[in-house]
Amino acid sequence: MSYVLVVSEVRKNLFEERNLDSIGLSALLGREAVLLVPEGAQGVNESLVDKILKVRAGDDLFSNPLNLVDILESVFGALGKPDFIVFTHSASGTEAAAYAAGNFSFPIITDVSGFDKEAGTFSKSYYSDKIFGGFRPVPAGTCVLTVRSGSFKDNASEKASAATTSTMDAPPAHEGRTFLEYVEEERAAVDITKAEFLVSVGRGIGSKDEVPKYEELAKAVRGVLSCSRPVVDKLWLPKERQVSTSGKTVKPKVYLAMGISGAFQHIAGMKDADCIIAVNKDPEAPIFQYAHFGIVGDVHKLRDKLIEMAKGS
Ligand SMILES: Cc1cc2nc3c(=O)[nH]c(=O)nc-3n(C[C@H](O)[C@H](O)[C@H](O)COP(=O)(O)OP(=O)(O)OC[C@H]3O[C@@H](n4cnc5c(N)ncnc54)[C@H](O)[C@@H]3O)c2cc1C
């Protein structure tokens, strides 16, 4: 049987939204789509795939990749090996995918964000979307894929008939690694992803002593203070304020970049802001290539002027 096996990610018994990207990609591959899901999972839309294979296992198939490898072995025994096994490109999804690929010696393509049906190539990005590479799996055998969140969910569409469902027992669990509990991340005091106006500070502000003045500016323009990574590394501001690759992706109406050079790791997380205004003393700073408005000058002088203007209005 020629099929795609979608290994679902489930947390606290809830089917994760990001599985829709795996299902969406499977729909483009022109084969039967079989969804592997823990038996108790809630929120599974059963009309998006051809077959659902429920496993009597814990709620998270990824929590111990050794157990998952045994489950896959059982699936292969029942259905044969699939042409593709699709995982989410999450922290746990990539770990499980790597275990599966390593264990069965399957090739793997990670962080897939595009598929060219005609050429049969999967694409993935490098250097924060600066360049893309195309990969074609070897024609025979099984290929493991991990899918970037948000890339294919629009391709997940209802099938003409509901999926057939079967249930299988999970093989005995491996010892040595046991799921204990979910630990919730502490809620951040501010959410920079929700702000419409971000005043973002970089290393160019010079020192931690300057931060309160930029907070004052953010308040004066009814905005929120965010920053580049060095500002977090130097402990001038907490991590929750960091924009980009290893921070948060933001899309405010206005992004005022103060003393930020415009390294691609930073740009990747703010380039889609509606209006980017950059202030930098270096006219060659890369940030100016992305800014709608650029001001070459000293950040502190401009900051003080803006506070004065905002308070005066
Ligand atoms: C794996 C990895 C992940 C990373 N993730 C991130 C990330 O998520 N977010 C991020 O931001 N970075 C990230 N980085 C770091 C990134 O490469 C840059 O080093 C960083 O963005 C630079 O921060 P900056 O612009 O504040 O500092 P700098 O590059 O040092 O720039 C400071 C700028 O301030 C200007 N300046 C100095 N004084 C003044 C003044 N008085 N008036 C006006 N302008 C002035 C300078 O001309 C300069 O352009 C990552 C790096 C790696 C390797």
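## The second largest pocket

The lining of the second largest pocket divides into three nonpolar, seven polar and four charged residues. Here Ala, Val, Leu, Ile, Met, Phe, Trp, Tyr, Cys and Pro count as nonpolar, Asp, Glu, Lys and Arg as charged, and the others, Gly among them, as polar. The model is predicted: local features need pLDDT of at least 70, side-chain atom pairs count only at pLDDT 80 or more, and totals for chains, interfaces and linings use all residues. Residues are numbered from 1 along each chain as its sequence is written, and side-chain values use heavy atoms, with hydrogens and water left out.

The second largest pocket is lined by 14 residues, and Asp129, Arg148, Thr245, Thr249 and Ala268 lie nearest its centre. Its volume is about 370 Å³. A pocket is found on a 1 Å grid over the protein atoms alone, as an open set of points where a 1.4 Å probe fits, with protein on both sides within 12 Å along at least five of seven lines; lining residues have an atom within 4 Å of a point. Grid points are joined across faces, edges and corners, and a volume is the space filled by probe spheres set on the points.

## The largest pocket

The largest pocket holds about 620 Å³ of space. Its lining has 18 residues, with Glu184, Glu185, Glu186, Arg187 and Lys248 nearest the centre. By class, this lining has twelve charged, three polar and three nonpolar residues.

Ser125 lies in strand β8, residues 121–126. Helices (H or I, at least four residues) and strands (E, at least two) are DSSP runs, numbered from the N terminus. Ser125 counts as buried because its relative accessibility is 9%; buried means under 20% relative accessible area, exposed over 50%, and partly exposed in between, with a 1.4 Å probe and protein chains only. Leaving out residues up to four places away in sequence, Ser125 touches Ser113, Ile131, Phe132 and Arg148, where contact means heavy atoms within 4.5 Å. Ser113 is twelve residues from Ser125 along the chain, and their C-alpha atoms are separated by 7.5 Å.

## Ser200

Ser200 sits in strand β12, residues 197–201. At 0% relative accessibility, Ser200 counts as buried. Its side chain makes a polar contact with the side chain of Tyr255 at 2.7 Å. Beyond its neighbours within four places in sequence, the contacts of Ser200 include Ser226, Cys227, Val243 and His266.

## Two loop residues with positive phi

Most residues other than glycine have a negative phi. Asn13 is not a glycine, yet its phi is positive, near 70°. Asn13 lies in the loop between β2 (10–11) and β3 (14–15), and counts as partly exposed because its relative accessibility is 35%.

Arg222 also has a positive phi, of about 55°. Its loop runs between α4 (211–220) and β13 (224–227). Arg222 counts as exposed, at 79% relative accessibility.

## The whole chain

The protein chain has seven helices and 16 strands. Of its 313 residues, 43% are buried.

How values were computed
Polar contact = N/O pair within 3.5 Å; in protein donor to acceptor, adjacent residues only side chain to side chain.
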